[in-house]
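Thanks for coming. I will go through a few local features and then stop.

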Amino acid sequence: MNLLSRYKEALSYRRFKKSLRYAFRGVTRLFSSESNALIHLLFVVAVPILAALLRVSLVEWCILILCIGLVLSAEAVNTAVEKLSDRVSEDFSPLIKDAKDLAAGAVLILASASAVVGLLIFGRALVSML
């Protein structure tokens, strides 16, 4: 197979549609099987409502949306690490425990930083309303 035909195959609509189906299945699995993802989902709903009520700026909207996307993505990667680790070995392994803890720690760091960003944006907006 030459380079041009591989390029055309990679850009095919059918292949793209299939990739999207797998991605949406992953998102569905994330929210249907992970309780922490459901907690993050509450913020996916609450943050835009609060941002609209407080009339935050366009740049602040972008920052909030980016934080939401990053936290959800980190939670998805954490879930993937956990599921893959469980598949690799059901026996206790300190290396697998470290991998799981590191992935969970990454979510915690990102969620904490995002909470600080939210407090700064919403705090400023609330203060300016007074």
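Which residues does N78 touch, leaving out those up to four places away in sequence? They are K100, A103, A104 and V107, where contact means heavy atoms within 4.5 Å. Before going on: this is a predicted model, so local features need pLDDT of at least 70 and side-chain atom pairs count only at pLDDT 80 or more, while totals for chains, interfaces and linings use all residues. Numbering runs from 1 along each chain as its sequence is written, and side-chain values use heavy atoms, with hydrogens and water left out.

Back to N78. It lies in helix 4, residues 58–88; helices are DSSP runs of H or I, at least four residues, numbered from the N terminus. N78 counts as buried because its relative accessibility is 5%, and buried means under 20% relative accessible area, exposed over 50%, partly exposed in between, with a 1.4 Å probe and protein chains only.

Now helix 2, residues 13–33, where R14 is found. R14 has a relative accessible area of 74%, so it is exposed. A23 lies in helix 2 too, and at 41% A23 is partly exposed. From A23 to P48 is 25 residues in sequence and 24 Å in space, C-alpha to C-alpha.

Last, a nonpolar patch. Y13, F16, L20 and F24 form it on the surface, with about 490 Å² of accessible area together. The areas come from the Shrake-Rupley method with a 1.4 Å probe; for residues, only the protein chains shown count as cover.

Conventions: Helix = DSSP H or I, 4+ residues; strand = E, 2+ residues; numbered from the N terminus. Patch = residues over 30% accessible without salt bridge, like charges linked within 9 Å, V, L, I, M, F, W, Y side chains within 5 Å. Salt bridge = Lys/Arg side-chain N within 4 Å of Asp/Glu carboxyl O.
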